[in-house]
There are 2 protein chains.
Amino acid sequence: MAFNDRFLRACRREPVDATPVWLMRQAGRYMKEYRDIRAKYDFLTMCKKPEVAAEITLQPIDALDVDAAILFADILLPFEGMGIDLEFAKGEGPVIHNPVRSMADVANVRVIDAEEATPYVAEAIKILRRELENRVPLIGFSGAPFTLASYVIEGSGSRDYRYAKAMMYEAPQAWHALMEKLAEIVTRYLKMQIAAGAQAVQMFDSWVGALNPNDYREFVMPYSKLVMDNLADEGVPRIHFANNASTLLELVSEAGGDVVGIDWRINLDEAWRRIGYDKAIQGNFDPIALFGPVESIEARVKDILDRADDRPGHIFNLGHGIHKETPVEHAKALVDAVHKLSKK
Amino acid sequence: MAFNDRFLRACRREPVDATPVWLMRQAGRYMKEYRDIRAKYDFLTMCKKPEVAAEITLQPIDALDVDAAILFADILLPFEGMGIDLEFAKGEGPVIHNPVRSMADVANVRVIDAEEATPYVAEAIKILRRELENRVPLIGFSGAPFTLASYVIEGSGSRDYRYAKAMMYEAPQAWHALMEKLAEIVTRYLKMQIAAGAQAVQMFDSWVGALNPNDYREFVMPYSKLVMDNLADEGVPRIHFANNASTLLELVSEAGGDVVGIDWRINLDEAWRRIGYDKAIQGNFDPIALFGPVESIEARVKDILDRADDRPGHIFNLGHGIHKETPVEHAKALVDAVHKLSKK
């Protein structure tokens with residue numbers, strides 16, 4: 001089998017035989033094979049057993065025919081080594097028992113040695129590179145500094161980021177000190193993944209859409225830029241995904257990365273114009289549209305491909321993680337439609 | 001005391017002596033006076049007793065010196081008459097026990113007679129017009145068809161609108177039938193409020209930010225436009241607020257209204273350019289920035305006023321409802337800063 005390098009070529013804005021496609025959270029609960037493993041282990045155990053994480057990572061490669069694998073892991077894995085007391089509470093999502101709210105709390109955050117803190121991540125990547133050698137590239141990933149900061153400050157998911165924003169506004173020194181540490185942690189965590197074999201890395205700024213452009217520029221952008229700059233010489237494409245960030249796209253692009261990921265709230269042609277054609281773009285199918293009939297999925301794929309207009313550098317993806325109730329055959333129909341409709 | 005008509009003048013894009021300001025959810029839990037009443041009644045009872053709703057409506061007028069009153073009510077009040085079995089569950093927000101998921105369910109939705117279904121709303125408005133005669137104008141409001149549809153279909157708050165979108169994509173006939181009924185219900189509900197004395201009306205499309213522009217145009221915009229068109233000859237300003245809708249602003253403006261309300265995710269100057277200068281604009285202070293110190297509140301007010309650039313037709317407001325833990329003195333500082341910094 002020949003190695004499928006469409007994804008890597010598109011990251012570098014080189015011509016491809018068909019538009020590459022993968023799905024955020026493609027290894028997940030919508031697949032029966034995943035649920036079967038999940039029935040045996042709790043979530044963190046699945047992440048921490050390299051053979052299990054590798055097996056889950058491979059499931060959608062077999063089932064969907066996607067053009068890239070993304071390591072099965074969670075953006076909160078580095079927290080344990082940082083001294084953050086994290087629990088995945090049943091039905092509630094992550095809960096942090098010692099949220100960071102003051103300069104003293106920030107001082108207690110440990111800047112991890114990524115090999116020591118998350119050795120199982122490196123191990124899973126090594127296993128996967130062997131398994132994937134003649135198939136598709138492997139993507140590593142991390143949360144972005146803001147998204148990690150919002151978790152450690154809020155102590156859980158949030159709708160309004162009341163504590164994270166309050167720290168920005170009331171205690172900017174503590175905020176900047178925390179973000180400096182997080183930028184270094186994210187850098188180390190991603191460099192470790194690249195050293196272990198990740199052939200591209202994605203930085204997820206999942207919650208940055210809560211900010212207005214001025215706050216993003218002052219409180220977040222310098223640290224996202226620092227991570228991207230730190231990885232510039234690592235020789236692998238850097239994907240920078242900012243969710244719900246249509247008004248921040250120019251700034252996200254300026255912060256850096258070879259590929260900018262977008263959600264579905266903006267049309268791809270407008271987004272690419274604002275990001276700049278010197279970057280590749282990833283997205284932007286509404287994950288909930290996978291609940292629609294196959295004909296409507298195909299029509300939406302066509303619309304997005306039309307907006308990409310055959311410009312080199314489009315990686316097809318969802319605009320957010322796949323929903324856990326998505327019919328697998330609809331996910332497969334999406335992948336097939338992208339390949340069929342973009343075939344040169 | 002002379003009647004303060006700054007708000008109404010700004011809605012009509014007429015010159016004003018200072019920029020008018022009010023705060024979405026200004027009658028709410030951040031005020032001790034509100035919590036004292038809340039301790040005596042459950043939420044729905046507060047809405048349904050006209051004297052109580054009127055008293056709560058007046059609290060921020062006295063405490064904050066805002067330039068408009070907005071009726072204390074909830075966007076879900078019309079549901080009872082529609083046959084929607086709604087409960088405000090403790091700590092969970094609204095729960096609907098008979099969500100609308102099929103054409104048969106849609107057929108069962110009753111198009112209310114607003115006077116019969118919500119007589120207490122009309123009564124509260126009449127009381128308030130007497131109380132407010134020499135003070136400030138009174139705003140009535142409703143949820144927009146999409147936001148009401150998302151509640152009745154999802155059956156509760158939602159992060160992804162999985163059922164609402166699935167109805168759009170899988171059962172478009174049921175979707176359009178429901179939206180047609182909701183547009184008529186919203187029209188009747190707002191006309192009733194205007195007849196009772198509301199001097200302006202706001203339509204809240206709180207959840208429309210979940211949609212991409214193509215879906216907004218096809219599945220939502222015609223019904224928002226219908227409501228706005230139906231109210232065009234009522235002689236009061238129509239405010240059309242779409243939350244988290246930075247990429248939809250051109251379409252929201254096209255759908256209609258005299259004033260377009262925006263959140264904080266976009267800078268006001270860019271938003272107004274996209275909305276068009278033939279509309280007034282309302283917004284766009286981040287409600288969470290009220291947790292910052294007074295100096296930072298003033299600096300943010302100045303930035304927004306600078307972006308409005310003395311163009312007639314700016315109503316200062318938050319970009320979303322005020323947070324329940326906001327310090328009252330910070331809300332007052334915001335109002336004072338708007339008046340002081342915009343004084344002619």
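Predicted model: local features only at pLDDT ≥ 70, side-chain atom pairs only at ≥ 80, totals over all residues.
Let me start with strand 6 of chain B, residues 238–242, where five of the five residues are buried, so this strand is largely enclosed by the rest of the structure.

What does strand 6 of chain B pair with? On one hand there is strand 5 of chain B, residues 200–205, which runs parallel to strand 6 and is joined to it by five bridges. Within that pairing, Val201(B) stands opposite Arg238(B). To get from strand 5 to strand 6, the chain passes through helix 12 of chain B, residues 213–230, and this β-α-β crossover is right-handed. There is also strand 7 of chain B, residues 259–261, which pairs with strand 6 in the parallel sense over three bridges. Here the residue opposite Ile239(B) is Val259(B).

Let me turn now to the backbone. As a general point, most residues other than glycine have a negative phi, and most peptide bonds are trans. Against that background, please look at the bond from Gly283(A) to Asn284(A), which is cis, with omega near 0°. Asn284(A) belongs to strand 8 of chain A, residues 280–285. In chain B, the peptide bond from Gly283(B) to Asn284(B) is likewise cis, with omega near 0°, and Asn284(B) lies in strand 8 of that chain, residues 280–285.

Two aspartates in chain A also deserve a look. Asp65(A) is a residue other than glycine with a positive phi, near 70°, and its place is the loop between helix 4 (50–64) and strand 1 (69–70) of chain A. Is Asp65(A) exposed, or partly exposed? It counts as partly exposed, because it has 14 C-beta neighbours inside 10 Å. Asp309(A) has a positive phi as well, near 60°, and sits in the loop between helix 15 (294–308) and strand 9 (314–318) of chain A. With 10 C-beta neighbours inside 10 Å, Asp309(A) counts as exposed.

Now for chain A as a whole. It has 16 helices and nine strands, and buried residues make up 55% of its 344 residues. If we take the contacts in chain A between residues at least 6 apart in sequence, 72% of them join residues at least 24 apart.

Finally, how are the two chains related? Chain A can be laid on chain B with an RMSD of 0.0 Å, by a turn of 180° and a shift of 0.0 Å along the axis. The two copies are therefore related as by a two-fold rotation axis. In chain A, the C-alpha nearest that axis belongs to Ser246(A), at 3.6 Å from it. The same surface serves both copies, in that 100% of the contact residues of chain A recur in chain B.

Note on methods: Residues numbered from 1 in each chain as written. Chains lettered and ligands numbered in written order. Helix = DSSP H or I, 4+ residues; strand = E, 2+ residues; numbered from the N terminus. Buried ≥ 20, exposed ≤ 12 C-beta atoms within 10 Å, placed from the backbone. Pairing = 2+ DSSP bridges. Right-handed = clockwise from strand over helix to strand, strands pointing away. Least-squares fit on C-alpha atoms with pLDDT ≥ 70 in both. Contact = placed C-beta atoms within 7 Å.
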